[in-house]
Amino acid sequence: MEFLEEANYQLKEIQTLEGHTDRVWSLAWNPSTGRDGVPPLLASCSGDKTVRIWERNLSSGSWDCKAVLDETHTRTVRSCAWSPSGKLLATASFDATTAIWENIGGDYECVSTLEVYFSVHDYLFNLVGMGHENEVKSVAWNASGSLLATCSRDKSVWIWEAMPGNEFECVSVLQGHAQDVKMVQWHPTMDVLFSCSYDNTIKVWWAEDVDSDNWQCVQTIGESNKYYTPTSLYAFSAPLLASSSSGFIFDTPGFLISGHSSTVWALSFNAEGDKMVSCSDDLTLKIWEADITRMQSGDGYAPWRHMCTLSGYHDRTIFSVHWSREGIIASGAADDAVRLFVESKDALIDGPSYKMLLKKEKAHDMDVNSVQWSPGERPLLASTSDDGTIKIWELASTL
């Protein structure tokens, strides 16, 4: 999509949603709503231990709270995610549990709690039998809804398989991060999992044969100023970028790793899934690209390469980033601001670059914790904040 200059757009506030009594950490749009006459629906989660379900009234245009889920979690609810079908809602909490909710006859019921699990694999018993040791920070579904990922302050990433009867079986516990894991996110078209952490890295997890449950870290995206080649990995005792049990190095000669220098808070993909954006405490957004057709054709793992870095647009920690299907990147930060970015068509000779489309100062009264584009026909942006509110925005042309 082609965008004009910044002066031709405004981020118009549609409504402020109030009801939470503590900071609102995150939100999730229901992917099955907002089209074909079905009103858009979103969930929000908060430090007040509750999840709220909001729906737009098609007649009045106003947003109303349709349900408050408040009888399951005993501490902050940090993350929420709808299944691809929109039938199930997963919520992750600082109480070390993940709850699964289903809309049954208009009422949301907790149909499963991912807390205590006894694995049939004896060698995993000690890990899996106890569940996450600390706060669960993020939850995400894969594209088919067959797998769920969670991550925690305990530095681990868990992958759960959805079973009949709303049962969930842990199929893998992934250890690799050195610090608190802030977010997990699945690739939009493939069963490849990404995790970002307080250890300043993004890790990419992949099972070449998904049925084997042999998930491995195939790439760690971290800070470096060196060019890595298969020989220099060993000659200079550089960190192993990607490995497997077969001993292969998934790397390209001359591949420059140019990762974040502080906590990586979030990441998001473009509609095609061949580009990724990440945000960090280092006040930057970074754009990455990969040859996903190589993986889709079964030709092995294709590493993510750094394309460009956007800096100087936020002056405090960038907590959230989301890429819309129209190609607009939204970011939200501790400077209370929201920024929008699009690809610039002016510098293709040196490769793709990105420019700021719009800036919204004081989008909230306090830190902006989450920004999410709606999946429906009408391109809406929702944001959450430490000020306890959710705001619904529309990108409008001033022409």
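1. T389 counts as buried, because its relative accessibility is 9%; buried means under 20% relative accessible area, with a 1.4 Å probe and protein chains only. T389 lies in the loop between β29 (380-385) and β30 (390-397). Strands are DSSP runs of E, at least two residues long, and helices are runs of H or I, at least four, numbered from the N terminus.

2. This is a predicted model, where local features need pLDDT of at least 70, side-chain atom pairs need 80 or more, and totals for chains, interfaces and linings use all residues. Residues are numbered from 1 along each chain, and side-chain values use heavy atoms, without hydrogens and water.

3. Beyond four places in sequence, T389 is in contact (heavy atoms within 4.5 Å) with residues including T16, L17, E18 and H364.

4. Which residues form the aromatic cluster with F194? Ring pairs link F194, F269 and W304. Rings of Phe, Tyr and Trp (its six-membered ring) pair if their centres lie within 6.5 Å; planes under 30 degrees apart are stacked, over 60 edge-to-face, the rest tilted. The model has 13 aromatic pairs.

5. W29 and W63 pair edge-to-face, 5.7 Å centre to centre, with 75 degrees between the planes. W29 sits in strand β2 (residues 24-29) and W63 in strand β5 (residues 63-69), 34 residues apart. Both W29 and W63 are buried.

6. F194 and W304 also pair edge-to-face, at 5.7 Å and 80 degrees. F194 is in strand β15 and W304 in the loop between α3 and β23 (305-311), 110 residues apart. F194 is buried, at 0% relative accessible area. W304 counts as buried, at 3%.

Terms used:
Buried means under 20% relative accessible area, exposed over 50%, partly exposed in between (1.4 Å probe, protein chains only).
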